[in-house]
Amino acid sequence: PTAVPPTPAGPAPVLANATSINNNSASISFTQPNGTPTGYEYNLNNTNWVSVVSSTSPLVLSSLTPGTIQSVRLRAVYNVSAGANPNSDASNEINFTTLSAPLAPLNLVATPGVGSATIEFTAPSDGGSPITNYEYQVGTGNWTALNPVDITSPVTITGLTGGTAVSIQLRAVNTYGGGVASSSISVTPIGA
């Protein structure tokens, strides 16, 4: 029989943008390649190719690890005759970072006050979403939000017992919740 050369699948889709839309999802926008693809597949972090239900831009990838760098490539899938390559070439690799709760505040320095402590610190990375407040923990107690809201160093913690040493931790808060706790710092508030 006469050999029929395979039909080329067509050029790869072009990734236009990769945008984190929350702490474990990303939106991948692309332009459709030549021909009429029957669907798309993506490759996340150089793992296996995964088929997606949607065949239009953008594609939403979910169940990603928050606060991590991800890489993604995309290819179109075609319905072609037997022997032909059903996939386009892979697109270029696009890197993006998923959003997350903030990292830990650094370099805490405590100054005692009367029944209080003033804590200076270096603000952490916000995880891609602005810091909206800070929370503190005294000893092993519950996390308490600063009230009124305060997003700049230093912050003042009140309601402490004078003459008694306490350990204090801070954490930043954004849309995705309370971030990583700082190292604890010890301070002895002044008694009345």
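Which residues is Glu41 in contact with, leaving aside its neighbours within four places in sequence?

**Entry 1: ground rules**

I am looking at a predicted model, where local features need pLDDT of at least 70 and side-chain atom pairs count only at pLDDT 80 or more, while totals for chains, interfaces and linings use all residues. Residues are numbered from 1 along each chain as its sequence is written, and side-chain values use heavy atoms, with hydrogens and water left out.

**Entry 2: Glu41**

Back to my opening question. With neighbours within four places in sequence left aside, I find Glu41 in contact with Trp49, Val50, Ser51, Arg73, Leu74, Arg75, Val77 and Asn87; contact means heavy atoms within 4.5 Å. I located Glu41 in strand β3. Strands here are DSSP runs of E with at least two residues, helices are runs of H or I with at least four, and both are numbered from the N terminus.

Is Glu41 buried or exposed? Glu41 counts as buried because its relative accessibility is 13%. The scale I use is buried under 20% relative accessible area, exposed over 50% and partly exposed in between, with a 1.4 Å probe and protein chains only.

I then looked up polar contacts, meaning pairs of N or O atoms within 3.5 Å; within protein, one must be able to donate a hydrogen and the other to accept it, and residues adjacent in sequence count only if both atoms are side-chain atoms. The Glu41 side chain has one with the side chain of Arg75 at 2.7 Å, and another with the side chain of Ser51 at 3.5 Å.

**Entry 3: the cores**

Next I looked for nonpolar cores, which are sets of buried Ala, Val, Leu, Ile, Met, Phe, Trp, Tyr and Cys residues joined through side-chain atoms within 4.5 Å. The largest has 18 residues, and Ile28 and Val72 have the most contacts inside it. Strands β1 (14–22), β2 (25–31), β3 (39–44), β5 (59–61), β6 (69–77) and β7 (94–97) each give this core at least two residues. Beyond its neighbours within four places in sequence, Val72 is in contact with residues including Leu15, Ile28, Leu44, Leu61, Ile94 and Phe96. I also noted a second, separate core of 17 residues, with Phe121, Ile131, Leu160 and Ile185 among them. A handy reminder for me: in soluble globular proteins, nonpolar side chains tend to be buried together.

**Entry 4: the β11–β12 loop**

Where do I find Pro148? Pro148 lies in the loop between β11 and β12, and a cis peptide bond with omega of about 10 degrees joins Asn147 to Pro148. Pro154 is also placed in the loop between β11 and β12; a cis peptide bond joins Ser153 and Pro154, with omega of about 0 degrees.

**Entry 5: the largest pocket**

Asn147 and Pro148 turn up again in the lining of the largest pocket, along with others including Tyr136, Asp150 and Thr158. By class, I note seven nonpolar, four polar and one charged residues in this lining. Which strand supplies the largest share of the lining? That is β12, with three residues.

**Entry 6: positive phi**

Most residues other than glycine have a negative phi, and most peptide bonds are trans. I therefore made a note of Asn45, which counts as partly exposed because its relative accessibility is 34%. Its phi is near 55 degrees, a positive value, and Asn45 is found in the loop between β3 and β4 (49–52). Asn107 also has a positive phi, near 55 degrees, and sits in strand β8 (residues 106–113). Asn107 is exposed, at a relative accessible area of 58%.

Conventions: On a 1 Å grid over the protein atoms alone, a cavity is a set of points where a 1.4 Å probe fits but cannot get out, and a pocket is an open set with protein on both sides within 12 Å along at least five of seven lines; lining residues have an atom within 4 Å of a point. Ala, Val, Leu, Ile, Met, Phe, Trp, Tyr, Cys and Pro count as nonpolar, Asp, Glu, Lys and Arg as charged, and the others, Gly among them, as polar.
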